[in-house]
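Please look at the sequence and the structure before reading on.

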Amino acid sequence: MSKTKSIVVASLMIGLGMASCNSGNIRRNPGKIYAPDMTYSVAYDAYTANPNFADSQTSRKPVDGTIARGHQLPDHLVMGDTNAYKTFTTSMRFNEDELKEGGRLFNIYCAICHGQKLDGQGPLFASGKFASMPANFKDAKYIHMPVGQMYAAAKYGKNMMGSYASQLDSKQRWQIIAYIKKFQSTNGGDAFTLGAETAKADTAKTAQASVLVVGNGGKKS
Ligand code: HEC
């Protein structure tokens, strides 16, 4: 490179450098954007006004009747329709693990009043601080109670008993009722109909058995 060329290049670089640090002029123009539709979203941003909807909100609620993934279909029970309660039922069937889970939920949400022994003598009632006698599930009054009526009690509450709709989804409510019905079936109630084969438990057992064989070098112990 000749001497003159290097001088030209050097002065150009100094000039550019100085121009880039031009602090005297505040630049209000961001300059040219190569692909504006990549820089700025073509779609409406979540919180921007939207002229396509009367309420101008871009974020929409799910349409009526939308069911979140993993949730059950609505049960269409109407509060206060006590005739419908009596015939209302479910196609759900529960295996042993699920009944156990029903028992766990019962002990969390219901046993404080209805008692872990399902005899209506839960600690809250027994303490005398809760005046209304909770249902004694061993009692003749409740032993043949239709499952739908029980479901309605869990969903809407009954007199002094509050609703558990916000704490328990419909599967969990049925799980608890299956737990109560299973208990009643061995205490003078009707035959238990909400049960299923314990498919899950069996698979778990088989898997465990094969692990044991491998751990034992394939020998029978
Ligand atoms: C705060 C105390 C309390 C809790 C907790 C409670 N209950 Fe009750 N429950 C009652 C009382 C009191 C009654 C009696 C209502 C009546 O007949 O006046 C009752 C009645 C019932 C009945 C009979 C309904 C009918 O139609 O006669 C069922 C079934 C029942 N409860 C299920 C449950 C389940 C399931 C849970 C747990 C999710 C639960 N209860 C939690 C107090 C409670």
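What does the accessible surface of the protein chain come to, and what percentage belongs to carbon and sulfur atoms? The accessible surface is about 16300 Å², and carbon and sulfur atoms account for 58% of that area. The model is predicted. Its chain is built from helices, with zero strands, and the ligand carries an iron atom that is coordinated by two side chains, His114 and Met161.

**Fold**
- The protein chain has 10 helices, and its elements run α-α-α-α-α-α-α-α-α-α from the N terminus on.
- The protein chain has 221 residues, and 26% of them count as buried.
- Of the contacts between residues at least 6 apart in sequence, 52% join residues that are at least 24 apart.

**Iron site**
- The site of the iron atom is octahedral, with angles of 83 to 179° among its six donor atoms.
- His114 belongs to helix α5 (residues 111-114), whereas Met161 sits in the loop between α8 (147-156) and α9 (170-185), so the pair ties together parts that are 47 residues apart in sequence.
- For six octahedral donors, the ideal angles at a metal are 90 or 180 degrees.

Terms used. Residues are numbered from 1 along each chain as its sequence is written. This is a predicted model: local features need pLDDT of at least 70, side-chain atom pairs count only at pLDDT 80 or more; totals for chains, interfaces and linings use all residues. Side-chain values use heavy atoms; hydrogens and water are left out. Donors are N, O and S atoms within 2.8 Å of the metal (3.2 Å for Na, K and Ca); water is not among the atoms, so sites may look incomplete. Four donors count as tetrahedral if all angles lie between 85 and 135 degrees; four count as square planar and six as octahedral if opposite donors are over 155 degrees apart and all others between 65 and 115; anything else is irregular. Helices (H or I, at least four residues) and strands (E, at least two) are DSSP runs, numbered from the N terminus. Buried means under 20% relative accessible area, exposed over 50%, partly exposed in between (1.4 Å probe, protein chains only). Contact means heavy atoms within 4.5 Å. Accessible areas come from the Shrake-Rupley method with a 1.4 Å probe; for residues, only the protein chains shown count as cover.
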